[in-house]
Amino acid sequence: MAELELIPVRTRILTPKDNIVDAIAEYARDRIGPDDIVSVAESVVAITQNRMIRPEELEPSFLACLLCRFVPQKGSLSSAYGMQAAMNAEGKWRVAFAMVVGMLAKLVGKNGVFYELAGEQAALIDDVTGTMPPFDKHIVYGPADPDGVAEAIKARFGCYGAAVADVNDLKRAAILGISKGLEPKQVARILIDNPFGNASERTPIVIIKNYAQVAAKESA
């Protein structure tokens with residue numbers, strides 16, 4: 001019986017001139033089977049969609065400069081530019097309201113409320129240095145229509161499924177987009193050790209081999 005295997009696929013540096021589905025075809029077509037899941041890093045999908053901006057193109061408001069002071073330094077919204085990008089994407093008053101409620105929630109021991117209320121992009125934005133060169137001088141937003149991207153990948157290659165994943169080295173894995181019929185939490189658990197390499201490794205595509213066979217065996 002086949003076993004689950006994670007295969008990172010090396011690519012060149014992908015840019016806004018690329019289409020992510022075409023890039024997968026270029027580098028991985030011959031390695032994708034009908035029992036496999038094709039997963040791709042969300043930041044690379046966003047870059048191919050040109051969902052990024054240079055900080056010098058933003059003009060941080062007084063509110064952005066104020067709110068960013070309440071974000072831990074490791075967070076992408078801890079800079080005025082990152083915060084302004086979030087406010088541009090989700091609305092300044094929504095972000096401000098989320099910050100106030102989030103701070104009050106922390107007083108009673110509840111964390112994460114800010115990101116629950118501030119909108120999806122507030123959690124997905126990567127500030128400068130938060131993504132791979134040469135785009136480490138940009139603020140990168142989360143991808144557009146990640147479910148649609150996953151469905152397009154599945155349709156193109158006839159694989160069992162596809163996913164757009166946000167994974168890091170801190171044992172955090174989130175599935176932003178997934179093709180129909182797959183369980184996001186299960187795919188996230190498989191990717192939890194972060195097999196992606198978005199920097200010098202240039203492996204933003206990971207094929208989860210034999211997923212359908214293993215899933216069938218476990219449910220039998």
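Me: How confident is the predictor in this protein chain, by pLDDT?

Reply: The model is predicted. The protein chain averages a pLDDT of 91, and 95% of the residues score at least 70.

Me: Which elements have the lowest and the highest mean pLDDT?

Reply: The general idea comes before the case. Where pLDDT is low, the predicted coordinates should not be read in detail. Here H10 has the lowest mean among the elements, at 85. Helix H8, residues 146–157, has the highest, at 97.

Me: How should I read a helix such as H5? What span should its 16 residues have?

Reply: Start with the geometry. An α-helix has 3.6 residues a turn, so residues three or four places apart point the same way. For length, take 1.5 Å a residue; H5 (residues 92–107) should then span 22 Å. The end C-alpha atoms of H5 are 23 Å apart, which agrees.

Me: Which residues of H5 are buried?

Reply: Val95, Ala96, Ala98, Met99, Gly102 and Ala105. Their cover includes helix H3 (62–67), helix H4 (80–90) and helix H6 (113–118). Just after H5, Gly109 takes a positive phi of about 85°.

Me: Now H4. How many of its 11 residues are buried?

Reply: The count is 8, so H4 is largely enclosed by the rest of the structure. The buried set is Ala80, Gly82, Met83, Gln84, Ala85, Ala86, Met87 and Glu90. Note that Gln84 and Glu90 are in that set.

Me: What do the buried residues of H4 pack against?

Reply: Helices H3, H5 and H6, helix H7 (120–124), and strand S4 (139–140). Just after H4 comes Gly91, with a positive phi of about 105°.

Me: Which residues touch the most other members of the largest nonpolar core?

Reply: That core has 39 residues. Ile20, Ile24, Ile153 and Leu191 touch the most other members. H1 gives the most to this core, with 6 residues.

Me: What does Ile24 touch?

Reply: Leave out residues up to four places away in sequence. Then Ile24 touches Arg29, Ile32, Val38, Ile153, Phe157 and Ile205.

Me: Let me try a single residue. Is Ser39 buried or exposed?

Reply: Ser39 is buried, with a relative accessible area of 0%. Its place is in strand S2, residues 37–41. A polar atom of the Ser39 side chain lies 2.7 Å from the backbone oxygen of Val206. Beyond neighbours within four places in sequence, Ser39 is in contact with Ala163, Leu191, Phe196, Pro204, Ile205, Val206 and Ile208.

Me: And Pro34, buried or exposed?

Reply: Pro34 is exposed, with a relative accessible area of 59%. Pro34 sits in the loop between helix H1 (20–28) and S2. Setting aside neighbours within four places in sequence, Pro34 is in contact with Gly158, Cys159 and Tyr160. Of these, Cys159 counts as buried, at 5% relative accessibility.

Me: How far apart are Pro34 and Ile207, in sequence and in space?

Reply: They are 173 residues apart in sequence, and 11 Å apart in space, C-alpha to C-alpha. Ala174 and Leu191 are 17 residues apart along the chain, and their C-alpha atoms are separated by 9.0 Å. Ala174 is in contact with Val164, Ala165 and Asp166, leaving aside neighbours within four places in sequence.

Me: Which residues other than glycine have a positive phi?

Reply: Asn194 is one of them, with phi of about 55°. Asn194 lies in the loop between helix H9 (184–190) and strand S7 (205–209). At 14% relative accessibility, Asn194 counts as buried. Asn210 is another case, with phi near 65°. Asn210 is in the loop between S7 and helix H10 (211–219). Asn210 is also buried, with a relative accessible area of 16%.

Me: How many disulfides does a search of the whole structure find?

Reply: A disulfide is a covalent bond between the sulfur atoms of two cysteines. The search finds 0.

Key:
Residues numbered from 1 in each chain as written. Predicted model: local features only at pLDDT ≥ 70, side-chain atom pairs only at ≥ 80, totals over all residues. Heavy atoms only, no water. Helix = DSSP H or I, 4+ residues; strand = E, 2+ residues; numbered from the N terminus. Buried < 20%, exposed > 50% of the residue type's maximum accessible area, 1.4 Å probe, protein only. Polar contact = N/O pair within 3.5 Å; in protein donor to acceptor, adjacent residues only side chain to side chain. Contact = heavy atoms within 4.5 Å. pLDDT = per-residue confidence, 0-100. Core = buried A, V, L, I, M, F, W, Y, C linked by side-chain atoms within 4.5 Å. Disulfide = S-S within 2.5 Å. Expected span 1.5 Å × (residues − 1).
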